[in-house]
Each structure stands twice: as structure tokens, then as C-alpha cells.
Amino acid sequence: MNLKGDDNSKVYELNDDDWSVGSDSEGENPIVTMFRQMVGNVYMLRPDGKSYLCNGLIFDNVINYRKVLLDYAIEEGFGYIRLKNEKDKIIMHCAVEGCPWRIHASPMLGGQNFQVKTYNEEYTCTKLTINSLVTAEWLSLKFKQEFKDNSNIYVAQMFAKVKLRYGVKVKNSILYRAKNKALSRLCGGHDESYSKLHKYRNILRIKNPGTMVQVMAKRNDLSKNPTFQMFFLSFPA
Ligand SMILES: [Zn+2]
């Protein structure tokens, strides 16, 4: 489907692909077919937490579509290449030459929703044990809740969990970065925490009159943020 014209007069050019949306479930994973019969074409997380893709599937927007696509590829153990990555059309195919896995999605008429237009879920490649799609950013989001429950998870434990869940081995350097990202997201990061000290000082003075509180910082260069030196606090007797 191609969008033509300006915002006031949109003209849609339908491709053959557009007519086959949602009509072909032949060869589809039976679990996905059953789930689709229950929830329709709108994407919802499966009860087992795994991602899925199928013909006609609708996403809230392109960001969610990309997110599910990434999760799905990592869970299934393959990489993909962008054949087309434009506003009105995203086509991906498997990174292994000769493998037929391919997906094409585009925006729905006049809205933000994104829909899978054609999908070939078959793949002939072997499951990857090292997948470059697994980044520190992706892992930090996957481990977000676990770090919230326990901030002392070791990198070795992360390695074992990722291997068990996704069948991939991840370098320690990536796991360390993922851990740092997850923790700094939870704590708001050092920079953000220090920037809140002045606000905290003011609240203490207002809520506890008579409190002596001082935040000391050093600034050598006016173009840079000050460096924290000392926090002094004394509540009134
Ligand atoms: Zn493949």
C-alpha cells in the first residue's frame, strides 16, 4: 500500500498484498491460530509470554511492531535483515541466505496502526547460539523486573538465565552493560540522583524547620556540571 498526496487528500494505492490480509492461515502455527481465534487480529501477549507473528496481525503502532519482531527473532533464534525500512513499508527477511522467512508490514488506512500484510514463517536456517540482535539495551529491559526484585543478580546468573530462556550465549561485557543499564534505570542514574539533592535539601528545610542542611559541590569549569563534594545534615534537637 502506498500513501500518496498530502495530508488533506490521501490517495491509497492497493497492492495485491492488501487483499490477502488475514485470509490465509494455512501452515500457521496451531497455537497462534487458536490464540487468534480467541483474541482476533489485534496483537496481545500470549499466556506463555512468548511472541508470535502471523498474517493480518495488527499492532498499535510501528514501535510495538518492531519490538515484537525483535523479541520473536531472538526467541526463535535467528537474525533478520531490513530489505525495506520506510514509513509506509517495512520488509524484513532472514539474515541467512536462502532461508525463506520473510515479513512485510505497513500502516493501516489513515491511522497509526501497523499490520502484517504478508508473512512467510517457514525457515530453514539453524537456531543461532550467538545472536547479534541480543544487545545490552534489549537485555536490560528484559531483566527490568528481576533487578527491581533483587538488585544483586550476578552476571553469571544472567548468563545462565539468557541461555535457558533464549538458547543464546551472551558475552560478559554485554551482560555487565545490561546490568548497569537496568540498575541505573531503576535508580534514575547517578546524574539524576545527584541533581535531586538540592530539591531534597529544600524539602528538609521546609518540613523540618531548624534543620541544618548543606550540599557542597565543586565547579572548576563553568561549561561543566558541578562535582558533588559533601552533604551535611543535622536535625534540630
Ligand atoms: Zn532463517
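Leaving aside neighbours within four places in sequence, Lys169 is in contact with Thr129, Ile130 and Lys163; contact here requires C-beta atoms, placed from the backbone, to lie within 7 Å. The model is predicted: local features need pLDDT of at least 70, side-chain atom pairs count only at pLDDT 80 or more, and totals for chains, interfaces and linings use all residues. Residues are numbered from 1 along each chain as its sequence is written.

Lys169 lies in the loop between H6 and H7. Helices (H or I, at least four residues) and strands (E, at least two) are DSSP runs, numbered from the N terminus. Lys169 is partly exposed, with 13 other C-beta atoms within 10 Å. A residue counts as buried with 20 or more other C-beta atoms within 10 Å of its own, as exposed with 12 or fewer, and as partly exposed in between. Lys169 and Val134 are 35 residues apart in sequence, yet their C-alpha atoms are 9.5 Å apart in space.

Helix H6 covers residues 155-166. Its 12 residues reach 16 Å from first C-alpha to last, close to the 16 Å expected at 1.5 Å a residue. The expected span is 1.5 Å times one less than the number of residues. Met158, Val162 and Tyr166 are the buried residues of H6. They fall within an arc of 30 degrees seen down the helix axis, so they line one face of H6. The arc is taken over the directions from the helix axis to the C-beta atoms. On the other side of H6, Ala156, Ala160 and Leu164 are exposed. The cover over the buried residues of H6 includes helix H3 (62-76), helix H4 (136-142) and helix H7 (172-187). Just after H6, Gly167 adopts a positive phi of about 70 degrees.

Buried in H7 are Leu175, Ala178, Lys179, Lys181 and Ala182. These residues cover an arc of only 165 degrees around the axis, which puts them on the same side of H7. The face turned away from the buried side carries the exposed residues Asn172, Ser173 and Cys187. H4, helix H5 (144-149) and H6 are among the elements covering the buried residues of H7.

The model also holds an open sheet of 5 strands, ordered S3-S7-S6-S5-S4, with antiparallel pairing. Strands pair if DSSP finds at least two bridges between them. Strands S3 (58-59) and S4 (80-86) form the edges, each pairing on one side only. S3 runs antiparallel to strand S7 (residues 114-120), joined by 2 bridges. Ile58 stands opposite Gln115 in S7.

Terms used
Two residues are in contact if their C-beta atoms, placed from the backbone, lie within 7 Å.
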